[in-house]
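Subject: Structure handover

Hello,

Please find the structure below. My notes on what was found in it follow.

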Amino acid sequence: MALHRLFHLSSLLRSAVSVTLRRNIGLSAVIFNKARDLDPVQKLFLDKIREYNAKSKTAGGVVEAGPAYQKNLTEEMTKLQRLYGGGDLTKFPQFKFPEPKLEEVVTK
């Protein structure tokens, strides 16, 4: 009797799992199809980002930067060089960690 109920519960569990999996797979397919068709606002946003990226590559830096921007940039760079001891601020610094000199300690 108990074995019969166990088999019955396992078959119910198996059918519930299969229904859930079928629903999730069906829902996932709908979501993936919708993801390809972007919202018009999202599409406009992505188009503008791609357009700015293309313009910045051709300009070699900031897009539509006027002389005021360049003046402000050079002032800030000279201020940072004065504060932090010069060097090229456009490159990542290279750190050098020399090996420490260890002395042998003799205990008596």
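Is Lys48 buried, exposed or partly exposed? Lys48 is partly exposed, at 49% relative accessibility. Buried means under 20% relative accessible area, exposed means over 50%, and partly exposed lies in between (1.4 Å probe, protein chains only).

Some ground rules. This is a predicted model, where local features need pLDDT of at least 70, side-chain atom pairs count only at pLDDT 80 or more, and totals for chains, interfaces and linings use all residues. Residues are numbered from 1 along each chain as its sequence is written, and side-chain values use heavy atoms, with hydrogens and water left out.

The overall picture

The protein chain has three helices and zero strands. Its elements run α-α-α from the N terminus on. Helices (H or I, at least four residues) and strands (E, at least two) are DSSP runs, numbered from the N terminus. The chain has 108 residues, and 2% of them are buried. Its accessible surface is about 10,900 Å². Carbon and sulfur atoms hold 63% of that surface. The areas come from the Shrake-Rupley method with a 1.4 Å probe; for residues, only the protein chains shown count as cover.

Salt bridges

There are five salt bridges (a side-chain nitrogen of Lys or Arg within 4 Å of a carboxyl oxygen of Asp or Glu). Start with Glu51, in helix H2. Glu51 bridges to Lys48 at 3.7 Å, N to O. These two are three residues apart, about one turn of the helix. Glu51 also bridges to Lys55, with the closest N and O atoms 3.4 Å apart. Here the spacing is four residues, again about one turn, and both lie in helix H2. Glu51 and Lys55 are each partly exposed: Glu51 has a relative accessibility of 36%, and Lys55 has 36%.

Now helix H3. Glu76 and Lys79 form a salt bridge at 3.4 Å, N to O. They sit three residues apart in helix H3, so about one helical turn separates them. Both are partly exposed: Glu76 at 35% and Lys79 at 35%. Finally, a network of salt bridges links Lys43, Asp47 and Arg50.

A buried serine

Ser56 is found in helix H2, residues 40-59. Ser56 is buried, because its relative accessible area is 18%. A polar atom of its side chain lies 2.9 Å from the backbone oxygen of Asn53. Beyond its neighbours within four places in sequence, Ser56 is in contact (heavy atoms within 4.5 Å) with Gly61 and Val63.

A nonpolar patch

Tyr52, Val62, Tyr69 and Leu73 make a nonpolar surface patch of about 360 Å². Patches are made of residues with over 30% relative accessible area and no salt bridge; like charges are joined within 9 Å, and nonpolar side chains (Val, Leu, Ile, Met, Phe, Trp, Tyr) within 5 Å. Tyr69 belongs to helix H3, residues 67-84. Tyr69 is partly exposed, at 38% relative accessibility.

Aromatic rings

Two aromatic pairs turn up in the whole structure. Phe92 and Phe95 are edge-to-face, at 6.3 Å centre to centre and 85° between the planes. Why is the pair of Phe95 and Phe97 stacked? Their ring centres are 6.3 Å apart and their planes are at 20°, so the pair counts as stacked. Rings of Phe, Tyr and Trp (its six-membered ring) pair if their centres lie within 6.5 Å; planes under 30 degrees apart are stacked, over 60 edge-to-face, and the rest tilted. Phe92, Phe95 and Phe97 form one aromatic cluster. Phe92 and Phe95 are both exposed, and so is Phe97.

Best wishes

Notes:
Polar contact = N/O pair within 3.5 Å; in protein donor to acceptor, adjacent residues only side chain to side chain.
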